[in-house]
Amino acid sequence: MKRVFLLIATNFAVMMVLLFVCSVLGVDRFLAEEGINFASLLVFSAILGFGGAFISLAMSKFIAKRSMNVHIITTPQNETEVWLMQTVTKLAQRAEIGMPEVGIYEGAPNAFATGARRNASLVAVSTGLLQSMSRSEVEAVLGHEVAHVANGDMVTLTLIQGVLNTFVFFLARVIGFLVDKIIFRTERGVGPGYMITVIVAQIVLGILASAIVAYYSRQREFRADAGATTYLGQPQSMISALRRLGGMETEELPETMKAAGIAGGKLSSLFATHPPIEKRIAALQGRDLSSSF
């Protein structure tokens with residue numbers, strides 16, 4: 001119920017902000033004069049913005065299982081699978097969430113969590129991670145992923161993405177109308193200037209939106225690291241796991257799962273979903289290395 005209220009409140013807040021800004025700038029009056037229904041455009045943008053984000057979230061587990069070829073452990077077949085199930089069960093109990101599905105997939109060292117609900121999530125680890133880390137380090141990584149689920153990070157980032165998508169769709173079309181009427185001087189309907197401007201504006205605004213989502217994703221990584229240390233009762237295992245990850249060639253996860261993985265890609269700091277390993281370790285050790293980056 002809390003998540004539903006948050007979704008409704010977020011949608012309402014986005015619309016109110018857009019209405020206020022456009023009213024102050026006189027955009028709503030301009031669009032009305034040109035025969036454009038301002039309210040309909042806003043609702044259309046919100047439906048597209050939040051609809052796409054939440055459809056992706058609802059399908060996240062299905063997509064993850066298929067795209068990563070995840071083997072879901074139902075009845076453990078060996079000692080490693082027994083240990084994984086027992087460890088995730090213990091961590092889920094400490095995090096006070098429902099038992100996630102637990103899976104293993106073939107690949108270089110990495111792990112991820114996904115799912116639309118705290119009590120119906122998926123936690124998966126790669127064979128490369130199991131082979132290259134000690135049990136205590138793998139436990140820390142699992143704790144990190146369980147913390148993502150407990151913190152509601154998948155839903156939080158989906159809400160942020162939905163808000164930004166709404167702004168991108170709406171502003172790109174408003175900019176398109178303004179350019180088409182003022183610069184290209186189209187008198188009736190919309191001309192090619194509108195379509196070209198909308199495409200360009202949507203690309204530029206989408207890039208800016210990606211940077212904002214990446215920023216929030218990096219903040220959630222610090223929280224997930226801290227959550228793992230809380231479940232384990234000490235930071236040493238998480239620090240050791242991060243140090244080992246820092247010396248490995250990790251696997252790039254699909255776009256929909258990057259933010260909830262243990263390791264990120266090699267993007268520039270502005271668009272990276274994960275902070276530098278050194279900063280994550282420093283945060284766990286209580287040191288500030290902001291001046292070093």
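What you see is a predicted model, where local features need pLDDT of at least 70 and side-chain atom pairs count only at pLDDT 80 or more, while totals for chains, interfaces and linings use all residues. Residues are numbered from 1 along each chain as its sequence is written, and side-chain values use heavy atoms, with hydrogens and water left out.

**The whole chain**

The protein chain has 11 helices and 4 strands; these are DSSP runs (helices H or I, at least four residues; strands E, at least two), numbered from the N terminus. Of its 293 residues, 48% are buried, where buried means under 20% relative accessible area, exposed over 50% and partly exposed in between (1.4 Å probe, protein chains only). Take the contacts (heavy atoms within 4.5 Å) with a separation of 6 or more: 68% of them join residues 24 or more positions apart.

**The cavity**

Searching the whole structure turns up 2 cavities of 30 Å³ or more. A cavity here is a set of points, on a 1 Å grid over the protein atoms alone, where a 1.4 Å probe fits but cannot get out; lining residues have an atom within 4 Å of a point. Volume is the space filled by probe spheres set on the points, which are joined across faces, edges and corners. The largest cavity comes to about 50 Å³. It has 11 lining residues, and G115, R118, G152, M154 and V155 are the closest to its centre. Helices α7 (135-150) and α8 (153-182) each supply at least two lining residues.

Ala, Val, Leu, Ile, Met, Phe, Trp, Tyr, Cys and Pro count as nonpolar, Asp, Glu, Lys and Arg as charged, and the others, Gly among them, as polar.

| Class in the lining of the largest cavity | Count |
|---|---|
| nonpolar | 4 residues |
| polar | 3 residues |

**A buried glutamate**

Now for E137, which sits in helix α7. E137 counts as buried because its relative accessibility is 2%. A polar atom of its side chain lies 3.0 Å from the backbone nitrogen of S134. Beyond its neighbours within four places in sequence, E137 touches S237, S240, A241 and R244.

Next comes helix α10 (residues 236-246), whose buried residues include S237, A241 and L245. The buried residues of α10 pack against α7, α9 (192-232) and α11 (277-285).

Notes:
1 Å grid on protein atoms, 1.4 Å probe; cavity = no way out; pocket = protein on both sides within 12 Å on 5 of 7 lines; lining within 4 Å. Polar contact = N/O pair within 3.5 Å; in protein donor to acceptor, adjacent residues only side chain to side chain.
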